[in-house]
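Here are my notes on this model, point by point. Please read them with the coordinates open.

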Amino acid sequence: MSFLSLKRYKLGTLALGAAFLAVIVNRKVDRAGVYRTVSPLNNDDCFNVPGLEACEDARWVDQESGLAYLACSSQEARMNWVPATLHLNASQLPTVSTDYIALFDINTRKHKRVELQGLPPAANGIWVHAIEVYRSPSSPSNLTLFVNSHRPPADRSLAPTQGADSVVEIFETEVGSNSARWVKTVRHPLVRTPNSVAAVNERQFYVSNDHRHKVHWTRKWEVLKSVPSDIIFCDASGPGDAQCMVAADQVVYPNGNGPNGLVYQASTIEGLMRVWQAQPNHTLTPVEEVHINRHFDNVHVNAATGDIFLTALTKLFDFMAAGKDGGRSGIPPAVEVFRVREDKKKSGGKRYTSERVFGDSGEVVMGSTAAAPYQDKLLLTGLFSPHVVVCTLKQ
Ligand SMILES: *[C@@H]1O[C@H](CO)[C@@H](O)[C@H](O)[C@H]1NC(C)=O
Ligand SMILES: *[C@@H]1O[C@H](CO)[C@@H](O)[C@H](O)[C@H]1NC(C)=O
Ligand SMILES: *[C@@H]1O[C@H](CO)[C@@H](O)[C@H](O)[C@H]1NC(C)=O
């Protein structure tokens, strides 16, 4: 090979490499919705619920009572403190958190704060993200609430370098009660960056770690290349500390988890929802991947129909930009929701199909991170949204 042809070869490789990179970047840009126009769908029969600010997640008790539990904060707190998006300005937070669990009644459209009893003073309240509600089949008026709480470190100046001191708090309450009793704090080295909890029973749950590391330089580049993380199983039924184990490893940005023997997990980066089967030893075995070219946040299941609802951060960069000041300025991020259904008659092959069921450009509802189904409605809540919105699906 002459020098010249060697040089040409190298240039050729470079050009190929650049073309390859361009294809990858193009795909990422496409998934992130940079050029996406979100067409309206089912966004013309909605009402706002003022006062429920910055609620990242919500869970209905059931499909009859019309009561939902929400994990709420304030736009101001979200500006300073969202460990999942590296908002780690803990020195700006109040000593005791102002975050709370809200109870919302869709029939009266009223809501109230649930008083938390018995939480250890060292917790300084709850620092909310997602919420999970488990209803005991044998005593259906009893509920267990699971809340992942991102406590700031005791020395708050260390937050930017150490991240949050994250735990999962477990409370018990009765349906509709004004208060909930603290049961236990699950603190475990495997529960690093808890994002979403899926309860198995009153004391056992799966929880996704959205990131491998609490803080790490790679996190700034995660949209391009993300370090896979994991899903953890915890058992808090014993008298002492909870026992936790890795249930599924090497999972890219696992976000929402749904219930029942099957665990549904959306990826915020990969453009898919994964169906997992829980094994008797609590590990998770992958069953199917449902590919949808979006960045997803929470997963919600309508327990009556089995329909799965995925909330897409459909214009990702608008969402990230709006998050910078807790959603108080800038372009309101558009919202899309997808419904996934299982074809139970099908054996083998692809059993799940998806369909877009909600779209709004950010005018009716902005920055939703969860869409909790209630009958023919969606309760749309957002990490830094100014209020909650309920919309009726007509088609
Ligand atoms: C934390 O917040 C203060 C007050 O808003 C601001 O001056 C400072 O730059 C912020 N620090 C970081 C690391 O964002
Ligand atoms: C349900 O809650 C009540 C009131 O707190 C309690 O006395 C009862 O033991 C609970 N039942 C179960 C099955 O946990
Ligand atoms: C758990 O069970 C699965 C399937 O039954 C098996 O493949 C796996 O090796 C088991 N894992 C552990 C840690 O026991």
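**Notes on the predicted model**

1. Confidence first. This is a predicted model. The protein chain has an average pLDDT of 90, and 92% of its residues score at least 70. The exception to flag is residues 1-9, where pLDDT stays under 50. For that stretch the model has 1 contact beyond four places in sequence. Where pLDDT is low, the predicted coordinates should not be read in detail.

2. Overall make-up. The protein chain holds 4 helices and 27 strands. Its radius of gyration is 21 Å, close to the 21 Å from the globule rule for 395 residues, so the chain is as compact as a globular protein of that length. The C-alpha trace spans about 80 × 50 × 50 Å along its principal axes.

3. Burial and surface. Of the 395 residues in the protein chain, 54% are buried. The accessible surface is about 17,300 Å². Carbon and sulfur atoms account for 56% of that surface.

4. Contact range. Take contacts between residues at least 6 apart in sequence: 60% of them join residues at least 24 apart.

5. Strand β22. Which way do the side chains of β22 point? Ile308, Leu310 and Ala312 point one way, while Phe309 and Thr311 point the other way. Both sets are buried. In a regular strand the side chains alternate between the two faces of the sheet.

6. Neighbours of β22. Which strands pair with β22? One is β21 (residues 296-301), antiparallel to β22 and joined to it by 4 bridges. Here phenylalanine 296 has alanine 312 of β22 as its bridge partner. The other is β23 (residues 335-342), also antiparallel, with 5 bridges to β22. Threonine 311 stands opposite valine 337 in β23.

7. The hairpin turn. β21 and β22 form a hairpin, with 6 residues between the two strands. Glycine 306 lies in the turn and has a positive phi of about 85°.

8. Serine 138. Where does serine 138 sit? It is in the loop between β9 (128-135) and β10 (142-151). Is serine 138 buried or exposed? Its relative accessible area is 69%, over the 50% cut-off, so serine 138 counts as exposed. The side chain of serine 138 makes a polar contact of 3.1 Å with the side chain of serine 136.

Conventions. Residues are numbered from 1 along each chain as its sequence is written. Chains are lettered from A and ligands numbered from 1 in the order in which they are written. Side-chain values use heavy atoms; hydrogens and water are left out. pLDDT is the predictor's confidence in each residue, from 0 to 100. Contact means heavy atoms within 4.5 Å. Buried means under 20% relative accessible area, exposed over 50%, partly exposed in between (1.4 Å probe, protein chains only). Two strands pair if DSSP finds at least two bridges between them. The radius of gyration is taken over C-alpha atoms; the globule rule is 2.2 Å times the number of residues to the power 0.38. Accessible areas come from the Shrake-Rupley method with a 1.4 Å probe; for residues, only the protein chains shown count as cover. A polar contact is a pair of N or O atoms within 3.5 Å; within protein, one must be able to donate a hydrogen and the other to accept it, and residues adjacent in sequence count only if both atoms are side-chain atoms.
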